[in-house]
Amino acid sequence: MLGAASMGPGSVHMADAEGSEISQDYSDLSSEYSYSSNDEADLGLAEATTTKERPPYRIIDAAMLKKVQAEAVSDLETIWSCKKSVAKALLMYYRWDKERLLTDLAEKGPELVYKTAGVAEQANNRAEPGAGSSSSQQEQVTCDVCMCENSRSECSSNGCGHTFCNTCWRGHLAVQIADGQARHISCMAYKCGVVCDDELVLHVMKGEPELLSKYKQSHLESYMEDNERVAFCPSVPWCGHAVEVDSDPFVEPECPCGIAFCFKCGKAPHSPCTCDMWLLWDEKINGDSETRNWLAANTKPCPKCSKPVEKNGGCNLVMCKCGQRAVMCKYGQAFCWLCGGATGTRHTWTQIDNHSCGRYKDEADARINDALRSHKRYMHYFERYKQHLDSLTKEKNNRAKLTSRIAAAEHDGTESRDFSWLVKALDQLRTARQVLSNSYAFAYFFFGGQLYAEEFSEDENRVNQNLFEDSQEMLAGEVERLSGLVERAKELTLDQQLRLDAINSSVNINSRIVKFFELVENDLYGKLQSSSAQIAVYRA
């Protein structure tokens, strides 16, 4: 599970977590596990159960959306002592950011806040639409829209005090709701700008159930669609869930449907990479940028057909096959490799007849060498990134198969032992594989790339890279060890030493991931001077 941290000048944070090494005793394992005695007490073994801290987010579905929104409105209603409709109108204008709203109310004052949000201050004290004595209800009122006289019982007032007949109100509201403007319907009065409150809409539109239902649904969905702390699960097709973070958007939540994603950018989990770094990596591996880079460095376009041609010999006269079948060009199009210009076929090792160039030879060779180095460097990191990503996919499948086998064994009564330790080991492997896979994308950009080239000297960069790779190698080694243990345990054997080794390895991996993120945050991102970085950090 990943929470948030920001790195840069004066802004370094790390979630506190304790870990343990392989050599420690079983009784000294990390507090991530607690133990209870069972029928294996004679072997000195115990079962592990996870006690994790509450994640910094919660899952919202259609069933609980109404309750969640009502809680937010009720909180403001209690804190500010205002009507429910006023509280909701203010929250909707502030995109459900209660903290910012309360700050503005305290600093700017309610008068300015109410005016900006289109809420009338007197709305807190006005009577419900349709209320009043029988005599006052018979009083005649002129509607300024249709200019007809109606009894007050046939008219309604908005929170701003403007009164119109119910027929005109109904027409105005119906048009706005049908046009998708249900969340901000303004009063009909000229230059008023005050939002029509809930009481008015519910009273006037009670005879239009379809439109009223659309109005209510739009207000309900506002909590998810307009709220910056809420994001829809990116699953396709959509699973029906959304995620609401507590405060910091740099979190990588996991939806009940099994999809994990970065809340900030909506991409796959990518910590320790920043969102910007991951966007660049995603473009590089999916956008064929490296292919274009290789083609630019190793090929030249034919001056006739413009297709890329690769040089496969030492001579600077190259031939494209585009004209091979033409009567006038038996051997194809000839051109100079150095300048790309079309030439004849007569040449020696030192020159091409009627053609002289060489002005760009040094520059071209340097460009080719740089591009080759860049491509080899990219392939080094990409292959290792892909290797761990493939292993992650296989381990996800293994976990699904394992849980199915355990459930089947328990259902048949053939196996009553607790294999939660094995499931947790697979979960730890999944997390570690994700971190390792992303770490190669991070290393590609952070060491030797252009993003932070001005932040460190060559010597500092070399030291940083060595520290990072040492930590990365130790984590990778322990991950492979646990992967082997899990492979041996998938037959659901009763090897107690194997179970103990798997639990110890899981805890050790957790400890190494914590230390790995400490290194990234404090010794790498934390030393940035002219820029800052924010990532979702590992939470044990």
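Ile59 has Val243 as its bridge partner in strand 10. That pairing belongs to an open sheet of three strands, in the order 4-10-9 with antiparallel pairing. Everything here comes from a predicted model: local features need pLDDT of at least 70, side-chain atom pairs count only at pLDDT 80 or more, and totals for chains, interfaces and linings use all residues. Residues are numbered from 1 along each chain as its sequence is written, and side-chain values use heavy atoms, with hydrogens and water left out.

**The sheet and its helices**

- Helices (H or I, at least four residues) and strands (E, at least two) are DSSP runs, numbered from the N terminus.
- Strand 4 and strand 10 (residues 242-245) run antiparallel and are joined by four bridges; two strands pair if DSSP finds at least two bridges between them.
- Which strands stand at the edges? Strand 4 (57-60) and strand 9 (230-232) do, each with a single partner strand, so one side of each has no neighbour in the sheet.
- From one strand to the next, the twist averages 25°.
- Helix 1 (residues 62-80) lies across strand 4 and strand 10, running at about 130° to strand 4.
- Helix 8 (residues 209-225) packs on the sheet too, touching strand 4, strand 9 and strand 10, and its direction makes about 95° with that of strand 9.
- Contact, by the way, means heavy atoms within 4.5 Å.
- As for the angles, they run from 0 to 180 degrees between N-to-C directions, and axes are lines fitted to C-alpha atoms, for helices over the stretch in contact.

**Helix 14 and its partners**

- Helix 13 (residues 458-489) packs with helix 14 (residues 496-524) at an angle of about 160°, the axes being 9 Å apart.
- Helix 13 and helix 14 are therefore roughly antiparallel to each other; the cut-offs are under 35 degrees for roughly parallel, over 145 for roughly antiparallel, 65 to 115 for roughly perpendicular, and the rest count as oblique.
- The crossing of helix 13 with helix 14 is left-handed, a label used if the near helix is turned anticlockwise from the far one by less than a right angle, with right-handed if clockwise.
- The contact of helix 13 with helix 14 has 16 nonpolar, six polar and six charged residues. Ala, Val, Leu, Ile, Met, Phe, Trp, Tyr, Cys and Pro count as nonpolar, Asp, Glu, Lys and Arg as charged, and the others, Gly among them, as polar.
- Helix 12 (residues 420-446) packs with helix 14 at an angle of about 30°, with axes 10 Å apart, and that makes helix 12 roughly parallel to helix 14.
- Helix 12 also passes helix 14 in a left-handed crossing.
- Residues of helix 12 in this contact include Trp421, Phe442 and Phe446, and those of helix 14 include Ile509, Phe516 and Phe517.
- By class, the contact of helix 12 with helix 14 splits into 15 nonpolar, five polar and one charged residues.

**Helix 2 against helix 4**

- Helix 2 (residues 84-93) meets helix 4 (residues 110-117) at an angle of about 75°, their axes 10 Å apart, so helix 2 and helix 4 are roughly perpendicular to each other.
- Val86, Leu90 and Tyr93 of helix 2 make the contact with Val113, Tyr114, Thr116 and Ala117 of helix 4.
- That contact of helix 2 with helix 4 counts six nonpolar residues, one polar and no charged.

**Salt bridges**

- Searching the whole structure turns up 18 salt bridges, each a side-chain nitrogen of Lys or Arg within 4 Å of a carboxyl oxygen of Asp or Glu.
- Asp75 lies in helix 1 and Lys98 in helix 3 (residues 98-107), so the pair ties together parts that are 23 residues apart in sequence.

- Most residues other than glycine have a negative phi, and most peptide bonds are trans.
- Val236 and Pro237 are joined by a cis peptide bond with omega about -5°, and Pro237 is found in the loop between strand 9 and strand 10.
- Ser271 to Pro272 is cis as well, with omega near 15°; Pro272 sits in the loop between strand 10 and helix 9 (275-286).
- Met147 is not a glycine, yet has a positive phi of about 60°; Met147 lies in the loop between strand 5 (140-142) and strand 6 (149-151).
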